[in-house]
Amino acid sequence: MEIANLSKNFASIPVFEGLDLSISSGEFVCLVGGSGSGKSTLLNIVAGLDHADGGTVLAPPAAVMFQESALLPWLSAAGNISLALKFAGVPRQDRQQRTQELLNLVRLPDAGYRLVHQLSGGMQQRVALARALAQNRSLLLMDEPFSALDSITRDFLHDELEDIWRATGRTIVLVTHNVREAIRLGQRVILLASDQGSIAGEWRVSDTQRHDAVAGAALAETIRTVLHREVHGLAAVS
Ligand SMILES: Nc1ncnc2c1ncn2[C@@H]1O[C@H](COP(=O)(O)OP(=O)(O)OP(=O)(O)O)[C@@H](O)[C@H]1O
C-alpha cells in the first residue's frame, strides 16, 4: 500500500497535507494518534469510502471492520458470513463449508445458528472479523475493533487476531487509541501528528516487545510521551 503526498480537507480545514506512507504486503501496522488526527479518515480513504483531495493512494481492495460489528441483526452469525461470501462470488454450494471454516477460524464453531442479539460483544466482533475475512481481500482495515470490549475479551481477541494474521498472511492496518494494544499487535506503530496529518513518529516492534509486557513497557512509554506532546497535554491515553 503506497500513499504519496495525500491531501484531504473538510470544509477547507486540512486533515492531511502531503502525507506519505508505505506499508508492505503482509505487514501488521497499528495507527495511533490524538483524537481528530485523521486516523479514521485515512482508513476511509484507503477503503474507498471517502475521497482524497490530492495525492495518490495505491492499495488493493480492502475489507473493513469497525468498532461496532455492524452485523445484520435479522441474520444468524452464519448468515452474516455467508452473505459476505455470496458478495465475494463464492458459489452457493461452497458457502456452507466456507462459513463453517471461518467460524472455526474465529473460534466460534458452534455459534453459527445464533442471531446477533444472542452473541456477546466479543462474539459479535469475532463474527464481524469472520465476515471481513470472508471478503477474501488481502488488505484488512480495522478501526478500533476492540475498543468497546472489556480487557479480558480484548486480550483474548489479540491472541486470536495474531493467529489469524499469521495463518492468512493478510496485510492489516489497525487504528487504536490504546498504545499497549498497538504494541501488542503491530510490527510497526505509526503515530499521526495532530496538526495536518504528518507522521509524528514511527516505531518497529520486536516479537519480544509484542509478547512480553515488561519488554514492551519502555517502548510504550516512548510512544505515549510523543502522543501526549501531540495532544497538548490532554489526559493520559491508556
Ligand atoms: N465527515 C466529516 N465532515 C467534516 N469534518 C470531518 C468529517 N470527518 C472527519 N472530520 C474531521 O476531520 C478530522 C479527522 O477526523 P478523524 O475522525 O479522521 O480523526 P480520528 O483521528 O479518527 O479521531 P478519533 O480518534 O477521535 O476517532 C477531525 O478534525 C474531524 O472533525
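This report describes the domains, sheets, helices and ligand surroundings of one predicted model.

The model is predicted: local features require pLDDT of at least 70, side-chain atom pairs count only at pLDDT 80 or more, and totals for chains, interfaces and linings use all residues. Residue numbers start from 1 along each chain as its sequence is written.

**Domains**

The protein is divided into domain 1 (2–61 + 138–230) and domain 2 (76–136), with bounds that come from an automatic or database domain assignment. Their centres, taken over C-alpha atoms, are separated by 25 Å. Across the boundary, 10 residues of domain 1 are in contact with eight residues of domain 2; contact requires that the C-beta atoms of two residues, placed from the backbone, lie within 7 Å. On the side of domain 1 that touches domain 2, helix α5 (residues 151–168) gives the most, with five residues. By class, that side of domain 1 has seven nonpolar, two polar and one charged residues. In this classification, Ala, Val, Leu, Ile, Met, Phe, Trp, Tyr, Cys and Pro count as nonpolar, Asp, Glu, Lys and Arg as charged, and the others, Gly among them, as polar.

Helices (H or I, at least four residues) and strands (E, at least two) are DSSP runs, numbered from the N terminus. Two strands pair if DSSP finds at least two bridges between them.

V32 has L191 in β8 as its bridge partner.

**The three-stranded sheet**

A further open sheet has three strands in the order β2-β1-β4, with antiparallel pairing. Its edge strands, β2 (13–22) and β4 (54–58), each pair on one side only. The pairings of strand β1 are set out below.

| Strands | Sense | Bridges | Opposite residues |
|---|---|---|---|
| β1 (residues 2–10) and β2 | antiparallel | seven | L6 and L19 |
| β1 and β4 | antiparallel | four | I3 and V57 |

The hairpin of β1 and β2 has two residues between the strands, and A11 takes a positive phi near 50° there. N5, found in strand β1, has a phi near 55°, a positive value in a residue other than glycine. N5 is partly exposed because 13 other C-beta atoms lie within 10 Å. By definition, a residue is buried if 20 or more other C-beta atoms lie within 10 Å of its own, exposed if 12 or fewer, and partly exposed in between, with C-beta atoms placed from the backbone.

**The ligand shell**

The residues around the ligand are F10, V15, G33, S35, G36, S37, G38, K39, S40 and T41; a residue belongs here if its C-beta atom, placed from the backbone, lies within 6 Å of the molecule. Helix α1 (residues 39–47) supplies the largest share of this shell, three residues. The shell has two nonpolar, seven polar and one charged residues.

**Helices α2 and α3**

In helix α2 (residues 77–87), the buried residues are A77, A78, N80, I81, S82, A84 and L85. These buried residues pack against α3 (92–105) and α4 (121–134). G89, which follows α2, has a positive phi near 90°.

T99 lies in helix α3 and counts as buried because it has 25 C-beta neighbours inside 10 Å. Apart from its neighbours within four places in sequence, T99 is in contact with A78, I81, S82, L85 and G112. From T99 to A217, the separation is 118 residues in sequence and 39 Å in space, C-alpha to C-alpha.

The loop between α3 and α4 holds R107, which has a positive phi of about 60° although it is not a glycine. R107 is partly exposed, with 16 other C-beta atoms within 10 Å.
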